[in-house]
Amino acid sequence: MTETTTGGTARTPEFRLASGVIETLRQDLVTDAFAYRPLPPRETPGWFMRRLPEAIRRHFPWTRYAAVGALALFVMVFTAGSQSSYLGDTGELLIGMISAAPVLMTLVRPIAAWWAAVAMTVLFAALGSEASWPWAPGSFLAYIAVMVLVTLRTGPRVAAWMWTLTLGLGFVVSVVLGNGYAYEVGTNLPEMAVTSAFALAIASSVQIRRHAKAEVSAQQEVTAVERDKRTLLEERTTIARELHDVVAHHMSVVAIQAEAAPYRVKNPPPELEAAFVTIRENAVAALTELRRVLGVVRSADYEAPDAPQPTLASLDGLLANVRETGLSVEKSVTGAVRELPQGVELSAYRIIQEALSNTLRHAPGAAARVEIAYVLGGLGIRVVNEAATGDARPSPGAGHGITGMRERVAMLEGEMTAGRTEAGGYEVAVFIPVRTRAEVLPEAAEGAV
């Protein structure tokens, strides 16, 4: 059964198949055949290159160009020495340069390089060879090298086309330019077919493996980005759940005080009573919205805490629990100890808790020190541990610790640094600004307006 196009021309499935094959050939070897496609420099050095001196590793990205250049030089020398010419030494050098030109072209125009190799084959076949025909030993090597390099830059489909057209090229050259010469010297088309098939199969395997590795690397990068985003969202959700208790406590106090305030004043004016009723209604509405928000960010396995959220006053209990696990930890407090906003106290406690947990996981057997500094402008925290000692191996964590600490510090508009010390340990330094009540009230009033 045939199909009819809009113009009324019947096209059989065989015709459509042939058209598709021809179109594929045109796309692979004809369209933009002479387009400029430079070979990209290498990006990641291998284990061998990483062990070489810096002066050599500096030129690592251009090793591919150097390798192709060395191959072209070898082809030129080999061709000039294996194929004689009636022009003498000059002719041999010219033949060698013609053989090396397609090899060098693979660096910038790979498809055009193969067509140049085809032209080289026709030219050398016309000149003839005493050893083999239509490919002399030098041109044979150059032709194989070009097809391998083009395959490494394009893919197996182009390799299949090149191999098929190579067989056709050898047959056509034998018929058109043979004139009995092929029967006298002997054609090496079978040798070319077998050798090129093996070479292209190996090159295609290398290119497929390289392409698959690049896809896996790209997928791993995407996965890492998505994992970082998910980690960030999880940490922010945890912080939101914890701060819910702090905010809810303050709003509850506001609601209770607003309800009790009129009874503390004898004969309060109606305007004052109405103002306190409005304050209480707004506080209760805020509590209701907070519960809804908590329901959104609560995970399926979330359990409400039985005790109030911890503060720096609970830090001694945390350090006692850590010491029971075998970690030697010391605490030092400088400055005048004062009560800080509950959000700051909670975040400071969690930061110290996570830093000590990281010490237990990544530096088993090391001693740690917790420093807390109450300064005029805020709160300073420093948790530093020594290098790991003993035979205990570090245990991998979820990778959320530093991210969670940074999120808590950023929420409080603070600053944080984390990194290894010169002694091989690890240090986490945090500064959380704490504004005075006189600074907070005008800003809160402005936000309310």
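## Basis of the model

Residues are numbered from 1 along each chain as its sequence is written, and side-chain values use heavy atoms, leaving out hydrogens and water. In this predicted model, local features need pLDDT of at least 70 and side-chain atom pairs count only at pLDDT 80 or more, while totals for chains, interfaces and linings use all residues.

## Packing of H13 and H14

Helix H13 spans residues 342-362 and helix H14 spans residues 401-411. Helices (H or I, at least four residues) and strands (E, at least two) are DSSP runs, numbered from the N terminus. The two helices pack at an angle of about 160°, and their axes are 10 Å apart. Axes are lines fitted to C-alpha atoms, for helices over the stretch in contact, and angles run from 0 to 180 degrees between N-to-C directions. H13 and H14 are therefore roughly antiparallel (angles over 145 degrees).

On the H13 side, the contact (heavy atoms within 4.5 Å) involves Ser347, Arg350, Ile351, Glu354, Ala355 and Asn358. Their counterparts in H14 are Gly401, Ile402, Met405, Arg408, Val409 and Met411. By class, the contact of H13 with H14 has 6 nonpolar, 3 polar and 3 charged residues. Ala, Val, Leu, Ile, Met, Phe, Trp, Tyr, Cys and Pro count as nonpolar, Asp, Glu, Lys and Arg as charged, and the others, Gly among them, as polar.

The structure holds 7 salt bridges (a side-chain nitrogen of Lys or Arg within 4 Å of a carboxyl oxygen of Asp or Glu). One of them joins Arg26 and Glu23, at 2.4 Å from N to O. Both residues lie in helix H1 (residues 13-29), 3 residues apart, which is about one turn of the helix.

Arg26 is partly exposed, with a relative accessible area of 39%, and Glu23 is partly exposed at 30%. Buried means under 20% relative accessible area, exposed over 50%, and partly exposed in between (1.4 Å probe, protein chains only).

Arg369 and Glu371 form a salt bridge at 2.8 Å, N to O. Arg369 is partly exposed at 33% relative accessible area, and Glu371 is partly exposed at 24%.

Arg382 and Glu427 also form a salt bridge, with the closest N and O atoms 2.5 Å apart. This pair links distant parts of the chain: Arg382 is in strand E5 (residues 378-385) and Glu427 in strand E7 (residues 426-433), 45 residues apart. Arg382 is partly exposed at 25% relative accessibility, and Glu427 is partly exposed at 25%. Salt bridges that share partners join Arg369, Glu371, Arg382 and Glu427 into one network.

How values were computed: Parallel < 35°, antiparallel > 145°, perpendicular 65-115°, else oblique.
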